[in-house]
Amino acid sequence: MMDNEALQALIMEHLEAIGITCTTEEIAGKETIVAEYTGESEDLPEDCTITVENLTEDSTEIGVLITVFSGFDETQTVNVARVVGELNKYLQLGCFSVIDDGALFLNYCFVLDEEMGVNNMLAAFLASLDAVSAAAIDAKQQLLPLVKGEVTVEQLLEEGLVVNQ
């Protein structure tokens, strides 16, 4: 199995090759890849962090955490928390979660086995990242009217929330 640093470097190399700017930071004691969503659209998530951690000598976990929104006030946090369960019903990968500090995240982790080989590991990672990024963008687009106070929780739920992956 490839060591964590080599796998992180390979992931960063491939992300940068497709136009995603990455840096590394130490977050909660772990070396973490931070990828920024670029563009002027308010529909885009804020960022994506990627961690690589060995579980056993022949398996590695890749964790993806997308910051969909941050900086909610108390009302926004409560409102988004009331609808997050509806969003999660439709996800094939990951889980949305709201924290009391006023943020909405999409979390996804998966395990790589040494039998997969490097090309299959990268393909699995990139396909997963694409799917969870699309879900985060879709959710943000649907939640923007609620966050902006243009609709109520009840109106949003009546319209229906469906996250496509």
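**View 1. The open sheet of the predicted model.** Six strands build an open sheet, ordered E1-E2-E3-E4-E6-E5, with antiparallel pairing. Strands E1 (22-27) and E5 (95-99) stand at the edges. Each has a single partner strand, so one side of each lacks a neighbour in the sheet. On average, neighbouring strands are turned by 30° against each other, direction ignored.

**View 2. The pairing of E4 with E6.** Strand E4 (residues 59-70) and strand E6 (residues 103-113) run antiparallel. 11 bridges join them. Thr60 stands opposite Leu112 in E6.

**View 3. Helices H2 and H3 on the sheet.** Helix H2 (residues 74-88) packs on the sheet and touches E5 and E6. The direction of H2 makes about 165° with that of E5. Helix H3 (residues 117-147) also packs on the sheet, touching E3 (47-56), E4, E5 and E6. The direction of H3 makes about 20° with that of E4.

**View 4. The salt bridge between Glu53 and Lys30.** The structure holds 4 salt bridges. In this one, the closest N and O atoms are 2.7 Å apart. Glu53 lies in strand E3 and Lys30 in strand E2 (residues 30-36), so the pair ties together parts 23 residues apart in sequence. Glu53 is partly exposed at 30% relative accessibility; Lys30 is partly exposed at 36%.

**View 5. The salt bridge between Lys148 and Glu42.** The N to O distance is 2.7 Å. Lys148 lies in the loop between H3 and helix H4 (153-159), and Glu42 in the loop between E2 and E3, so the pair ties together parts 106 residues apart in sequence. Lys148 is partly exposed at 44% relative accessibility, and Glu42 is partly exposed at 44%.

Methods. Residues numbered from 1 in each chain as written. Predicted model: local features only at pLDDT ≥ 70, side-chain atom pairs only at ≥ 80, totals over all residues. Heavy atoms only, no water. Pairing = 2+ DSSP bridges. Helix = DSSP H or I, 4+ residues; strand = E, 2+ residues; numbered from the N terminus. Axes fitted to C-alpha atoms, helices over the stretch in contact; angles between N-to-C directions. Contact = heavy atoms within 4.5 Å. Salt bridge = Lys/Arg side-chain N within 4 Å of Asp/Glu carboxyl O. Buried < 20%, exposed > 50% of the residue type's maximum accessible area, 1.4 Å probe, protein only.
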